[in-house]
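Please look over the model shown below before reading on.

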Amino acid sequence: SHSILAVGDSVVLFDTGWGAEAIAEVKERFSIDLVVNSHTHPDHFSGNHHFQDCELWVPDMFASILPDLGSMSSGLSGGGEPAREWLRLVREVLGHAPTAPTGTFWEGDVIDLGSMRFRAVYTPGHTLDHFCFLEEERRILLSFDIDLTSFGPWYGHAECDLEQFSDSLHRVLALRPEMVVSSHRRPISEGIAEEIGAFEDVFVRRNETVLSMLDEGPATPEELT
């Protein structure tokens, strides 16, 4: 997952999941003042513990669960073996150590770097606590997991909501960004409206695929999978 470094009067790092080696390189070159997590997914917060001397801000509803991987694993994966595997991935593969936040943000809050101002935009659906940030003068949108990849929207947790996700895409479009910087592809500055439309169309294509599989009669979730 990409992280985003914003350098102005202060230095702000959005998300920390891009790997320990790259984190070490950036820490050598920059004195980071603030770390911001966009939402509750480990590929976005797994490197938090490398920045314990920095302020750490997270979405308000995310703050209480961030230090508690056990509760987070149950909430995201439903408990049982999936939760145990999730914990193994986060602890052993990603090497994450829980870190308590020092502050929170919510809709409309602004991170002011002097030459840049990033406004928090609440965009649930992918997770309940997913946020984007808009740099208002340059119209640069940090969209995180509204990532506009060909894979399409991801909504595999119980808390995910397709209707909210679709509404969030419309909200992002209404912001009229001139550049979109997401967590899983290169930044884009052309055809943004078309990219958002194609991303949302995946909802429709997936639903049509599942419904077509029921033409011959009922099927279990396992059979559909």
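Arg 84 is exposed, with a relative accessible area of 52%, where exposed means over 50%, buried under 20% and partly exposed in between, using a 1.4 Å probe and protein chains only. This is a predicted model, in which local features need pLDDT of at least 70 and side-chain atom pairs count only at pLDDT 80 or more, while totals for chains, interfaces and linings use all residues. Residues are numbered from 1 along each chain as its sequence is written, and side-chain values use heavy atoms, with hydrogens and water left out.

The side chain of Arg 84 forms a salt bridge with that of Glu 81 at 3.2 Å, N to O; a salt bridge is a side-chain nitrogen of Lys or Arg within 4 Å of a carboxyl oxygen of Asp or Glu. Because the two residues are three apart in helix 4, about one helical turn separates Glu 81 and Arg 84; helices (H or I, at least four residues) and strands (E, at least two) are DSSP runs, numbered from the N terminus. Glu 81 is partly exposed at 47% relative accessibility.

The count comes to seven salt bridges, including one between Glu 135 and Arg 138 at 3.4 Å, N to O. Here Glu 135 is buried at 2%, whereas Arg 138 is partly exposed at 40%. Another of the bridges joins Arg 185 and Glu 195 at 3.0 Å, N to O, and this pair links distant parts of the chain, with Arg 185 in the loop between strand 10 (179–182) and helix 6 (192–213) and Glu 195 in helix 6, ten residues apart.

Asp 15, with a phi of about 70 degrees, lies in the loop between strand 2 and helix 1 and is buried at 0% relative accessibility. Arg 139, with a phi of about 60 degrees, is found in the loop between strand 8 and strand 9 (140–144) and is partly exposed at 25%.
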